[in-house]
Amino acid sequence: MRTRFPILLSLLLALGMVLAACVVPAAPVAPAEPAPAEPAAAEPEPAAPEGENIVFAALTGVEIEGIKAVIPEWEAQTGNTVEVVELPYASLQEKVFTDVQAGAGSYDVIFIDDPWFPFLAGNGYLTPLSEFGYEVDSDFVQRSLDVSTWPPPFGPLTPGTDPAAEGEIYALPSLGNVQLFWYRNDIITEEPETIDELIAVLNEQADPDNGLYGYVHRASRGNPVVTNFNAWNWSFGGDIFDDEWNVVVNGPKSVAALQTLIDLLPLAPLGAANFNADEVGASMLNGSSLAAIVWPAFNVQIDDPTKSAVSGQIAVIPFPKGEIQTSQIGNWLLAIPTASQYKEAAFDFIKFATGADVMKSAALAGAPPTRKSVFEDPELMEKFWWYPAHQQALANATWRPRTPEWNQVEDVLGTYLSKAITGEMDAQSALDQAAEEITAVMERAGYYE
């Protein structure tokens with residue numbers, strides 16, 4: 001039995017060698033191809049920068065129609081947008097004053113009447129245009145630049161103002177309102193160059209009993225009667241304050257101006273003591289009156305036979321000369337509140353809106369300009385033949401006193417002028433009482449030591 005084990009073992013070993021020799025070696029496995037990479041996600045296109053939306057607080061009415069017409073052009077050029085908030089006069093003043101005092105920044109551009117300017121600029125609520133590198137544009141009529149400057153370039157300074165401070169431009173003049181003078185040149189055949197000549201020809205030509213009246217008073221209580229009086233007062237050499245803020249409106253020249261207006265009342269249309277600007281314009285355009293102080297907005301109706309019964313028979317001149325020749329300026333300005341969020345865009349807009357091309361477009365729509373080049377544009381001069389008189393009046397105009405207290409002063413003065421016009425008080429007594437109350441207003445405001 002033992003002899004069989006070695007033999008069996010040998011056979012098994014031989015068989016194993018044969019089988020091993022028959023095994024085919026496995027082919028080497030090639031390394032796996034890497035999976036193709038997913039395409040990288042495309043970088044997002046940078047978003048086009050969104051334009052800035054500036055809010056423009058403006059006056060309801062024809063005064064801003066020219067600016068509104070060109071807003072789409074500015075929006076297309078800049079990618080910015082303009083939201084126009086139109087408000088009546090009193091609401092505009094109230095909302096602008098409230099907003100700037102609160103620092104709310106609701107408005108980026110504000111349309112302001114020039115008597116508001118001392119309050120807004122004097123209290124630091126407006127952005128000086130030097131902040132944008134602005135250089136004065138000499139194409140603007142100088143008086144329009146003057147009412148856009150703080151401190152004012154001449155006249156008394158408000159308390160606390162450094163007398164050595166240089167004036168800065170805080171707004172750009174947009175609308176060149178100034179008082180002009182109309183007279184019937186078919187009846188008054190020679191231009192009255194002086195107030196004396198005017199009074200003489202009115203007394204000679206007016207015939208109230210037959211429906212032809214003389215000078216049309218704008219004598220409604222408050223702002224209207226003050227505005228009318230101012231032109232006469234300043235032309236007579238009178239004033240409201242002297243250079244130290246002393247009240248001088250009851251001085252002899254101012255009293256003489258008021259007395260002259262009273263003396264002209266018998267020649268005036270019935271009810272003139274309650275007339276405002278529209279009634280004054282109507283009295284001239286219907287042919288019933290000989291002369292009046294008007295604002296430029298009425299000029300476009302002079303030669304329109306559908307608006308004027310005396311088309312072609314009204315002349316336009318600066319207010320006749322007394323001791324000096326002047327009338328009241330009433331420019332509207334574009335300014336940027338200090339609380340604006342978008343000052344650069346706002347500045348670009350007001351520069352665009354007061355540029356010569358835009359102002360010409362606005363002028364063609366009837367807006368009075370503030371640029372010399374627009375006044376002297378041949379196309380406009382042919383259409384608006386009164387432009388030389390308008391430019392002369394604007395250059396010689398006088399501003400209302402540059403004080404934040406003007407609204408209170410005007411209220412007091414308007415009250416007593418109205419009492420004089422209606423015969424409730426004589427001229428001297430009315431202005432004496434006005435002077436006393438205006439002095440109290442200024443004293444409370446700290447104008448006197």
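View 1. In strand E6 (residues 171-175), five of its five residues are buried, where buried means under 20% relative accessible area, exposed over 50% and partly exposed in between, with a 1.4 Å probe and protein chains only. Strands (E, at least two residues) and helices (H or I, at least four) are DSSP runs numbered from the N terminus. E6 and strand E11 (residues 332-335) run antiparallel and are joined by four bridges; strands pair if DSSP finds at least two bridges between them. Look for Ala171 opposite Ala335 of E11. This is a predicted model, in which local features need pLDDT of at least 70 and side-chain atom pairs count only at pLDDT 80 or more, while totals for chains, interfaces and linings use all residues. Residues are numbered from 1 along each chain as its sequence is written, and side-chain values use heavy atoms, with hydrogens and water left out.

**View 2. Trp116 and Trp332, an edge-to-face pair.** The ring centres of Trp116 and Trp332 are 5.6 Å apart and their planes lie at 75 degrees, so the pair is edge-to-face. Rings of Phe, Tyr and Trp (its six-membered ring) pair if their centres lie within 6.5 Å; planes under 30 degrees apart count as stacked, over 60 as edge-to-face and the rest as tilted. Trp116 sits in the loop between strand E3 (109-113) and helix H4 (117-122) and Trp332 in strand E11, so the pair ties together parts 216 residues apart in sequence. Trp116 is buried at 2% relative accessibility, and Trp332 is buried at 5%. Both belong to a cluster linked by ring pairs, which includes Phe97, Phe119 and Phe349.

**View 3. Phe181 meets Phe319.** The rings of Phe181 and Phe319 have centres 5.6 Å apart and planes at 75 degrees, so here too the pair is edge-to-face. Phe181 lies in strand E7 and Phe319 in the loop between E10 and E11, 138 residues apart. Phe181 is buried at 0% relative accessibility, and Phe319 is buried at 1%.

**View 4. Ser235, a buried serine of helix H7.** Ser235 lies in H7 (residues 223-235) and is buried, with a relative accessible area of 0%. Leaving aside neighbours within four places in sequence, the contacts of Ser235 include Ile195, Phe319, Pro320 and Thr326; contact means heavy atoms within 4.5 Å.
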